[in-house]
Amino acid sequence: MDDSICQAYEDEIQALEEEIGLLTEKYKDIQQESTFFSDEEILKSIKSLQRETQGETEGHKSPSDLKTQLESLETDLSFFTTFTGFQFASHSKKTLERTRNRTVQKHRLSGKCHSLSFQLEFQLLEMQNNEKLSGVVSDLSIIMESREDSNVSKFVSSAEEHGNLLTFFRSLSTYAGWYEHRRLTFLHFK
Amino acid sequence: GVLAHLEMLEFQAHREAVEQEEKEKRKEKSAFLRAKIRELRLQRDQLREKLELLEKAQPGKEGIPADPALPSPREVLEWKIRNLRELLQVFQLTGISGKLSKHGICFCLRTAFEGSFLDSFHLELLPRPESREFRIQRHSIPPFIPLEQLSRKFLPSDLRGFLDVLFQHLNAFVGRRHQLEQFQEQFSEWIQGIPHCNSLCNLLSFQYRIPGKSGNSVFQTRLLYGDPCRSLPTDVAGSCSADPSPAFPEHSELFRRLALPRAFRAL
């Protein structure tokens, strides 16, 4: 008899801990998504942190840790930008829903692939099933400057139709690469 | 006699002491759990309040910001770190992304079919500047994908080309497998028996009937996906138990043009 009461308490504790976890994530989401710091502010913060904690290494991650992490991420991003040709100018997102297994986020992304610019908006639903992470794209809307080019408008419309974000990026990559190659070839012969 | 009686009394006293001890323990545990619950509820309620205030203080809405304190430099950097991580995650959605490792590059190839992102595959390449080669250190590419062949054809001079073609193979394979899974899930009553498929999912055969339309006739179909980089079949063959079936060429055409689940929806 006592055992079942203890079990009920333990179940409630687990539920509360989960809820606290989710609420904390939601809070962090909103804070992250409603803030923006410019590159100058980032540099200022790096300098001020280095000054502030010269020699102090207790508690939190040391400033060199944060700086190292930041640099490593920037290096990765820079490498893949150069390698793939995709350069993202701006990215903002808003978390619409977050539960234990599901996250729904609305993304706004702008950038270019080689010399072709694009602007996208889409909604991404991510789910965790067992060990598998899957994502479903919906409400995809694509704006491209060169939409009058019939090749571009073809793959843009077909991507929007089925929320086919990946095909859009792959087709854009191929087309932009070819376009760039042609452009450079013409330049060469000028 | 007396000794036996004394023993019994001792035994009883001992048992009562043990029971009493257990009762105390349970009471302690119960009190501990209740205290923990009170503490967690308080924490949860505080978080809910904080969240409500923050939601109301969104820019453009009325209300005083809950926490107007300036962020510390550490908080600014942590924001930027999370921001960059999220951008790298978005990069994944382009299909070919990854990160740099100590000695090389870890590529992440994320596949998708129509609007659904599916499996990710990983490939770690180590550049060997002396021999001007790329060595594949580790990978999670399934064995029926011609990784070896492709690397011999493209590497080391054309890394981009190698990844593009590898990606096409993987994406088409996952797309075919996904179509089969969706088709089996959505049209389970139409399918007779068990569909047969090879590991590369480019040879598929199954039997089906159309409830309400085909009566007792059963269609037998074999789909061959001749191009490993495509997720639509190049060859459709089949027959019908009720011969001759005028419907079959129509079905054939649908299978050639549309993804499997969509083709069935059109039947």
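**Figure 1. Polar contacts link chain B and chain A in this predicted model.** Across the interface of chain B and chain A, 16 residue pairs are in polar contact, both residues at pLDDT 80 or more. Six elements of chain B each supply at least two residues to the side that touches chain A: α1 (2–56), α2 (73–92), β1 (96–100), β2 (105–113), β3 (116–128) and α4 (159–186). By class, that side of chain B holds 29 nonpolar residues, twelve polar ones and 23 charged ones.

**Figure 2. The interface of chain B and chain A, in contacts and area.** Here 64 residues of chain B are in contact with 69 residues of chain A. Between them, the two chains bury about 6500 Å². Carbon and sulfur atoms give 70% of that area.

**Figure 3. Salt bridges cross from chain to chain.** How many salt bridges does the rule find across the interface of chain B and chain A? It finds nine. In one view, the side chains of A:D39 and B:K80 meet at 3.8 Å, N to O. In another, B:R41 and A:E12 form a salt bridge through their side chains, at 2.4 Å, N to O. This second pair runs from helix α1 of chain B, which holds B:R41, to helix α1 (residues 2–33) of chain A, which holds A:E12. Over all chains, the structure holds 26 salt bridges.

**Figure 4. A strand of chain A pairs with a strand of chain B.** Strand β4 (residues 132–144) of chain A is joined to β3(B) by two bridges. The strands run antiparallel. Which residue of β3(B) stands opposite A:V136? It is B:S116.

**Figure 5. β3(B) also pairs within chain B.** Six bridges join β3(B) to strand β4 (residues 133–139) of chain B. These two strands run antiparallel. B:L125 stands opposite B:I136, a residue of β4(B). The strands form a hairpin, with four residues between them. In this hairpin, B:R132 takes a positive phi near 50°. As a guide to the view, side chains in a regular strand alternate between the two faces of the sheet.

**Figure 6. Two domains of chain B.** The domain assignment gives domain 1 (87–173) and domain 2 (189–266) of chain B. Taken over C-alpha atoms, their centres are 33 Å apart. Eight residues of domain 1 and nine residues of domain 2 take part in the contact.

**Figure 7. The area buried between the domains of chain B.** Domain 1 and domain 2 of chain B bury about 770 Å² between them. Of this area, 65% lies on carbon and sulfur atoms. Which three residues supply more than any other three of the area that domain 1 buries against domain 2? They are B:F144, B:A172 and B:F173, which supply 51%.

**Figure 8. A salt bridge between the domains of chain B.** The rule finds one salt bridge across the interface of domain 1 and domain 2 of chain B. Between these domains, one residue pair is in polar contact, both at pLDDT 80 or more. α4(B) gives the most to the side of domain 1 that touches domain 2, with four residues. That side of domain 1 has five nonpolar, two polar and one charged residues.

**Figure 9. B:E114 and B:R262 in close-up.** The side chains of B:E114 and B:R262 meet in a salt bridge. The N to O distance is 2.8 Å.

Notes:
Residues numbered from 1 in each chain as written. Chains lettered and ligands numbered in written order. Heavy atoms only, no water. Contact = heavy atoms within 4.5 Å. Buried area = accessible area lost by both parts, 1.4 Å probe. Salt bridge = Lys/Arg side-chain N within 4 Å of Asp/Glu carboxyl O. Polar contact = N/O pair within 3.5 Å; in protein donor to acceptor, adjacent residues only side chain to side chain. Nonpolar A, V, L, I, M, F, W, Y, C, P; charged D, E, K, R; others polar. Pairing = 2+ DSSP bridges. Domains from an automatic or database assignment.
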